[in-house]
Amino acid sequence: MAKPFRDISIKRKVTLVIMTASMVTLLLACASLFVFQRFSTRQTIIRDLQTQAEIIGANSTGALIFQDQKAAAEMLSALKVKPHILGASLYLPDGNRLAYYGDESFSAPALPNTILVGLRSQGPHMLLYQPLVLDGRRVGMLHLRFDFRAMELEIITPLLMIMGCIMLAALLPAIALSAAFQRVISAPILRLTSTARSVAHNQDYSVRADPSGRDEIGTLTQAFNQMLARIQDQDATLRASGERYHRQHEALTSLTRGEAIYEDDVNATLQRLCEASAETLQVERVGVWRWNEARTALQSAALYERSVRRHSTGPDLTVADHPAYFSALRSTEIIDADHALSDPRTREFADGYLSPLGITSMLEVPINLNAQMIALLCHEHVGPARSWQPDEKMFAISMSNLVSMAFGHWERKQTQADLDLANRRLIDTSRMAGMAEVATGVLHNVGNVLNSVNVSCTLVLDRVRQSKVANLPKLAAMIEAQDGRLGDFLTHDPKGREIPRYLCWLAPMLMEEQSFTLKELHLLREKIDHIKEIVAMQQNYASVCGVIETLPITQLVEDAIKLNAGALTRHGIRVERQFEAVPPVATDKHKTLQILLNLIRNAKYACEDGGPEPKLVTLRVFSPQPNRVHVQVIDNGVGIPPENLTRIFAHGFTTRPGGHGFGLHSGALAAKDLGGSLSAHSDGPGRGAIFTLDLPVKPPAKEA
């Protein structure tokens, strides 16, 4: 019953409540009257029965004294006028029946030994035993059986009918009165309901409900109107936010879709980014300031003035003149000065910069590259003070990330240019040497570094291709598809409500991509510097190619280790040196170095492909004979199967995927040309290997 009652209208509820209360009250009154009337009726019947018994007893004493049965029977027959007296009996003092009236089954021939004098109930009947006394002497006993239930029904039934008629007669006035009085309660509620339904249907939060008074319903109406006012304000704010989100999305989509940040013209890119940020946030001035070389001041690189649509530059911002401002830049992600003239972070600019230009609010975002601030994106609002909204701050951060990505692009192009220059120098060095071995050695060693450079470039390119910025066109298409329903879409549609959260999620993702790119660029720069060192070292050796020099063999070993240091460190391979005192060796240092480079590189591959931890390469220098010097390269890598020991120096033989089989073959030939030899030993797969370069202390005499 609770659910049907809950779903009916308020008018019917109030009417039903009033009717129920009225009918329950009337029913309780009738029930009370009925109980009282029944009690009164019962007492009346009992008194009438007792009176009747006294009359019969008084008239029957003579018949009992003389034991006149006929007279006693005639006296009892007078009870015919009382149809509810079912039976009557007169008993003598000895207990024997003298006469009876009615059904003989209701009259016993003799009194029981024990009887209860007075009234008692027996089912629907009432029994009366009354002693008959004359002059203080008991002359007999009168017994009456009375149909009490029938008598009671005969009296009560009309009373119940009367009460029913009264309740029916009272029902119609109760309905009429409840219908009239319920309007006092239901009318204000119905008006409030109508207003709420109108607001829900038309989405018009400007309507208000009419207060009905100062009671609880009036208080509810006032609270409802206040709620509508707040919703109206929030709706206006949300619509404004929706418009801002749309502009921001369009701007970001346009910039990323057209790859404006990857243009080669630095100034043109900065100008376009400043203009897009100013038009999107509707800010008068937006500019980019970069550190000077000494990092003592920020110098204007680009500045866009929205009102006159002009690109220019601004003044320098020196650290010495604005310490609080630069301290805030170092300690915060963004400076959102709603009141720039009084904000402690920006008020240093008040007299010389803000007031003359009419700037009242500032939004400053540092531009970071390689975990270091390299520039600053400034938004300067002219006019009444402006409160920067969270979405505007996130957009400014996104724009700073785009500027950072642009700087990163230019950094990569410069790195690529440096890499191309290094490659050209390698080629030039090879040509200057005039020998194929030098060119091959240079490219072989630089190739190890270039592999790392290529990996870093690939990571950067893949990261750019997988950038979350690529999802912005889909977001733009989703918003464009709304066709004027952007506010409703952003507030009610499950996908629309995710857009602000997505933009907030996108900003840190772009920052993370920027950090990753900068890290890889830093590694690229280090690798390029390493290439330069290799080139310089190889030029040193190539410049004296074919010349026999006397030098410590350990110096050549150290140079070979240095040239392979980056690869060994990157793969976690520890290098151990076991140098004994040996005499200087007269040799062609270029050829000897190439042999050592190939041996160390092959040991690195062997450790990389397998073997126990830690990975270890041991360089051992000793002199087995007074006129001989041995250099051993020992690794604990994958080892060499016995069947390969005789083939390992053959031209083109290799067991490593991607290998060319040139290194050991050319090394063996170079060792033979130097008057020595190159040999290999291994105890089998997984047992490591030992390569031994045998060199004479003095070169053999050349044949004429």
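## Basis of the model

Helices (H or I, at least four residues) and strands (E, at least two) are DSSP runs, numbered from the N terminus. The model is predicted: local features need pLDDT of at least 70, side-chain atom pairs count only at pLDDT 80 or more, and totals for chains, interfaces and linings use all residues. Residues are numbered from 1 along each chain as its sequence is written, and side-chain values use heavy atoms, with hydrogens and water left out.

## Leu119 in strand β3

Leu119 lies in strand β3 (residues 118-122). Its relative accessible area is 30%, so Leu119 is partly exposed. That class sits between buried (under 20% relative accessible area) and exposed (over 50%), with a 1.4 Å probe and protein chains only.

Leu119 touches Ile46, Leu49, Gln50, Met126, Leu127 and Leu128, not counting residues up to four places away in sequence. Contact means heavy atoms within 4.5 Å. Leu119 and Leu49 are 70 residues apart in sequence, yet 9.6 Å apart in space, C-alpha to C-alpha.

## Helices α2 and α3

The axes of helix α2 (residues 10-66) and helix α3 (residues 69-77) come within 8 Å and cross at roughly 165°. Axes are lines fitted to C-alpha atoms, for helices over the stretch in contact, and angles run from 0 to 180 degrees between N-to-C directions. The two helices are therefore roughly antiparallel to each other, a label for angles over 145 degrees.

On the α2 side, the contact is made by Ile56, Asn59, Ser60 and Ala63; on the α3 side, by Ala71, Ala72, Met75 and Leu76. By class, this contact has six nonpolar, two polar and no charged residues. Ala, Val, Leu, Ile, Met, Phe, Trp, Tyr, Cys and Pro count as nonpolar, Asp, Glu, Lys and Arg as charged, and the others, Gly among them, as polar.

## Nonpolar cores

A nonpolar core is a set of buried Ala, Val, Leu, Ile, Met, Phe, Trp, Tyr and Cys residues joined through side-chain atoms within 4.5 Å. The largest has 53 residues; Val288, Ile367, Met399 and Phe407 touch the most other members. A second, separate core has 36 residues, including Ile553, Leu556, Ile640 and Leu695.

Phe407 touches Leu270, Val288, Arg290, Ile367, Leu369, Ile374 and Ala375, leaving aside residues up to four places away in sequence.

## Positive phi in two loops

Gln282 is found in the loop between α6 (266-281) and β6 (285-291). Its phi is near 55°, a positive value in a residue other than glycine. Gln282 is partly exposed, at 40% relative accessible area.

Asn370 is found in the loop between β11 (359-369) and β12 (372-382). Asn370 is not a glycine, but has a positive phi of about 60°.

How values were computed
Parallel < 35°, antiparallel > 145°, perpendicular 65-115°, else oblique.
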